[in-house]
Amino acid sequence: MAAAGSAPAVRRLGEFGEFLTSRRARLQPADVGLPDGTRRRTPGLRREEVAQLAGVSPTYYAFLEQGRDISPSSQVLDALARALRLSPAERDHLYTLAQRGAPPGAGVPETLGAGITALVDRLDPYPTFVKGRRWDILAANRAARALFTDPGARETYADWEKDAAAMLARFRLAAARRPGDPDFAALIEELHRRSAQARAWWSRHDVLPVASGTKRLRHPLLGEITFNHVVLQVVDDPDLKLVTFSAADGNQEPLARLVATVAPP
């Protein structure tokens with residue numbers, strides 16, 4: 001566990017307070033059954049209003065937002081989640097931020113078993129890849145390599161801004177579970193350094209759970225295709241996620257043609 005006053009602990013406390021502040025700012029008195037009252041200088045609820053809803057003292061709640069080194073109980077965290085109208089993913093995030101220390105595996109290189117790699121290759125022409133704990137791509141089949149290109153990611157995703165913001169929100173949820181992991185810290189620093197948009201989205205403190213869904217993708221040879229994608233967890237290593245795509249209209253023949261243009265690994 002991270003020692004009190006250590007860099008990971010200080011960052012975690014600051015993140016905890018900023019998350020509370022951001023969730024408070026998005027609520028209006030009417031959202032929680034309170035009167036509007038006098039004119040507000042800043043958006044959202046006042047600290048004392050959240051404290052009242054959560055059943056804690058205004059001073060105690062102020063300390064939480066300020067990142068003071070105090071440890072709220074589960075009862076207090078539940079009360080805060082209810083007061084701030086947190087989603088299930090946001091409630092989990094709140095609990096994660098309230099903990100201390102880094103989970104096992106921080107800084108340890110990731111490896112894939114031969115069975116997982118072979119499965120990914122066998123799923124051609126369905127684009128499939130495996131993400132590691134830091135969201136690095138550890139394996140990808142030919143269809144995925146043909147479809148997801150760098151630096152063309154912005155052009156590949158038809159709804160790039162929405163999809164990219166959602167991906168960052170999911171990454172943030174994963175990063176919060178590894179506060180002392182140097183790999184996560186380095187990647188977050190790089191995102192902030194290289195992307196003003198990522199910095200802006202990060203400051204919103206949005207979090208989302210990893211989930212299956214639908215995406216619209218573009219490719220120079222195939223045009224625009226709507227895909228259903230499924231996310232599966234590898235039971236041998238829960239940090240690994242296998243993501244596989246299939247054309248929503250059921251026609252995989254264009255993808256098969258695309259795969260034929262890519263050399264095998």
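This is a predicted model: local features need pLDDT of at least 70, side-chain atom pairs count only at pLDDT 80 or more; totals for chains, interfaces and linings use all residues.
Residues are numbered from 1 along each chain as its sequence is written, and side-chain values use heavy atoms, leaving out hydrogens and water.

Lys 131 also stands opposite Lys 241 in strand 5. Strand 1 (residues 128-131) runs antiparallel to strand 5 (residues 241-247), and four bridges join them. Three bridges join strand 1 to strand 2, and that pair is antiparallel too. For the terms: two strands pair if DSSP finds at least two bridges between them, and helices (H or I, at least four residues) and strands (E, at least two) are DSSP runs numbered from the N terminus. The hairpin of strand 1 and strand 2 has five residues between the strands, and in it Trp 135 takes a positive phi near 75°.

Zooming out, five strands make up an open sheet with the order 2-1-5-4-3 and antiparallel pairing. Strand 2 (137-140) and strand 3 (213-219) are the edge strands, each pairing on one side only. On average, neighbouring strands of this sheet are turned by 30° against each other, direction ignored.

Is His 229 buried or exposed? With 9% relative accessibility, His 229 counts as buried (buried is under 20% relative accessible area, exposed over 50%, partly exposed in between, using a 1.4 Å probe and protein chains only). His 229 belongs to strand 4 (residues 223-233).

The His 229 side chain reaches the backbone oxygen of Ala 211 at 3.5 Å. Setting aside neighbours within four places in sequence, His 229 has contacts (heavy atoms within 4.5 Å) that include Ser 212, Thr 214, Val 243 and Phe 245.

Over to the helices: helix 1 (residues 7-25) packs against helix 3 (residues 58-65) at about 115°, their axes 7 Å apart. Axes here are lines fitted to C-alpha atoms, for helices over the stretch in contact, and angles run from 0 to 180 degrees between N-to-C directions. Helix 1 and helix 3 are therefore roughly perpendicular (65 to 115 degrees; under 35 is roughly parallel, over 145 roughly antiparallel, the rest oblique).

Helix 1 brings Phe 16, Gly 17, Leu 20, Thr 21 and Arg 24 to the contact, and helix 3 brings Tyr 61, Leu 64 and Glu 65.

Notes:
A polar contact is a pair of N or O atoms within 3.5 Å; within protein, one must be able to donate a hydrogen and the other to accept it, and residues adjacent in sequence count only if both atoms are side-chain atoms.
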